[in-house]
Amino acid sequence: MSKKKDTFINMLVALFVITVISGFSLGYVNELTVGPIEKGKIERKVNALKMVLPNFDNNPVADIQLIKSPFAKDSVEVYPAFENNIFVGAAIIGSTEKGFSGLIKLMVGFKPDGSIQNIVVLEQKETPGLGTKIKDEKFLAQFRDKNPPVFNLKVTKDGGEVDALTGATITSRAFGEAVQMAYDEFMKNNGLLIALKN
Amino acid sequence: MAEKVNQTQNFLKGIVKDNPVFVMLLGMCPTLGVTSSAFNGLGMGVATMFVLLMSNIVVSLIKTQIPSKVRIPAFIIIIASFVTIVEMVLEAFVPFLYEQLGIFIPLIVVNCLILGRAEAFASKNNIIAAIVDGIGMGLGFVIALTVLGATREILGSGSFFGFKFVPEDANTFILFILPPGAFIALAYLTVLFNKISTKTT
């Protein structure tokens with residue numbers, strides 16, 4: 001078999017056939033993976049909710065409140081948690097575009113008094129091995145049970161109380177900012193969330 | 001028999017004589033970008049190896065059907081399709097690795113190692129030779145990335161495949177997990193590799 005000649009029609013047909021085949025195979029694989037990907041995303045969200053909130057018995061995903069905020073591109077997602085119809089806290093998606101490589105998305109769980117229950121990183125594109133350490137227990141532990149009015153969320157370099165990650169000051173700074181944003185939203189909407197079940 | 005010896009050589013050249021990273025210096029973007037730990041290097045290497053193998057097979061199968069003027073766009077479409085498949089499959093079934101490698105997976109498309117092998121080897125050889133070449137080159141890439149990742153991880157964070165062997169707050173050469181460390185580590189490893197490989201051949 002010799003190589004096909006470089007005629008216009010040959011080139012057209014070759015490229016057309018290749019694009020059609022690859023288009024169909026991509027569509028097929030997409031069909032196979034779209035389910036697991038969606039399921040994984042929801043599962044991650046539910047797992048994150050379980051990690052950042054105290055015990056709850058409602059379904060925060062169903063009770064989601066979307067609140068317009070000047071700090072976020074679109075509305076902020078707020079997941080309120082109740083136990084025996086008493087407000088026990090809320091998880092808020094805090095985000096910032098000021099990470100070292102753009103968007104950082106966190107889920108911050110607050111107790112009713114505004115202190116931080118726990119934080120989970122949902123999305124980030126930080127430098128592997130440096131900025132990605134915001135997901136590590138060692139970094140997250142310093143935020144637990146802290147109340148932002150008395151615990152300054154800026155890094156120590158900027159006069160705050162957060163120990164920045166070595167080699168990832170920008171990431172640490174952005175992280176603090178995202179937490180602060182989530183806190184501000186929580187305090188603003190605290191009354192509304194408590195009123196939800198009454 | 002001659003054919004067999006040929007294939008062994010064909011296989012080994014990707015690992016030693018024409019190692020894509022240490023000798024040909026191809027595919028530097030993922031090499032320098034993701035190798036901040038041994039595990040990341042290994043994951044990236046395996047993903048690249050899979051794409052390389054598949055694209056080598058397909059290019060070798062359809063080489064006679066592609067007019068030479070449009071061969072580059074044709075190869076790129078094939079490679080890009082496989083990369084997208086890898087990305088979707090990883091996101092669906094190995095989300096942990098997907099999160100680690102993140103933006104570097106789409107970049108496999110422009111990894112010149114893959115296009116280079118398609119153009120220089122697979123489009124001129126039969127399918128068996130192309131498969132052997134793909135596995136050999138892929139393994140060479142995996143080994144290089146893992147060694148580079150391990151070196152940087154050991155020096156930079158005092159751990160190996162995530163297993164820490166220094167105290168939590170010990171001082172390590174953070175430089176090595178920062179981008180400049182990648183260049184320094186790669187340069188010294190390349191010197192070392194070429195010193196050893198020229199001595200033995």
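Good morning. The model is predicted, so local features need pLDDT of at least 70 and side-chain atom pairs count only at pLDDT 80 or more, while totals for chains, interfaces and linings use all residues. Residues are numbered from 1 along each chain as its sequence is written, chains are lettered from A and ligands numbered from 1 in the order in which they are written, and side-chain values use heavy atoms, with hydrogens and water left out.

I begin with helix α3 of chain B, residues 38-62. Helices here are DSSP runs of H or I with at least four residues, strands are runs of E with at least two, and both are numbered from the N terminus. The axes of α3(B) and helix α7 of chain B, residues 127-157, come within 8 Å and cross at roughly 165 degrees. An axis is a line fitted to C-alpha atoms, for helices over the stretch in contact, and angles run from 0 to 180 degrees between N-to-C directions. The two helices, α3(B) and α7(B), are therefore roughly antiparallel; that word applies to angles over 145 degrees, and roughly parallel to angles under 35. Their contact comprises 20 nonpolar, nine polar and two charged residues. Nonpolar covers Ala, Val, Leu, Ile, Met, Phe, Trp, Tyr, Cys and Pro; charged covers Asp, Glu, Lys and Arg; the others, Gly among them, are polar.

The next partner is helix α4 of chain B, residues 71-93, which packs against α3(B) at about 140 degrees, with the axes 9 Å apart. On the α3(B) side, the residues include B:Phe50, B:Met54 and B:Ile62, and they meet residues of α4(B) including B:Phe75 and B:Phe82. This contact has 13 nonpolar residues, one polar and no charged.

Helix α6 of chain B, residues 112-122, has an axis that comes within 9 Å of that of α3(B), crossing at roughly 30 degrees. Hence α3(B) and α6(B) are roughly parallel. Among the contact residues are B:Leu52 of α3(B) and B:Arg117 of α6(B). Here the division is seven nonpolar, four polar and one charged.

I turn to the two chains. Contact, meaning heavy atoms within 4.5 Å, takes 32 residues from chain B and 29 from chain A. Together the chains bury about 2700 Å², 70% of it on carbon and sulfur atoms. Buried area is the accessible area, with a 1.4 Å probe, that two parts lose on being put together, summed over both. In chain B, B:Thr64, B:Pro67 and B:Met88 lose the most area to chain A, together 20% of what that side buries.

How many salt bridges cross this interface? The rule, a side-chain nitrogen of Lys or Arg within 4 Å of a carboxyl oxygen of Asp or Glu, finds zero between chain B and chain A. Over all chains, the structure holds nine. One salt bridge joins A:Glu177 and A:Lys98, at 3.4 Å from N to O. A:Glu177 lies in helix α3 of chain A and A:Lys98 in strand β3 of chain A, so the pair ties together parts that are 79 residues apart in sequence. Thank you.

How values were computed
Parallel < 35°, antiparallel > 145°, perpendicular 65-115°, else oblique.
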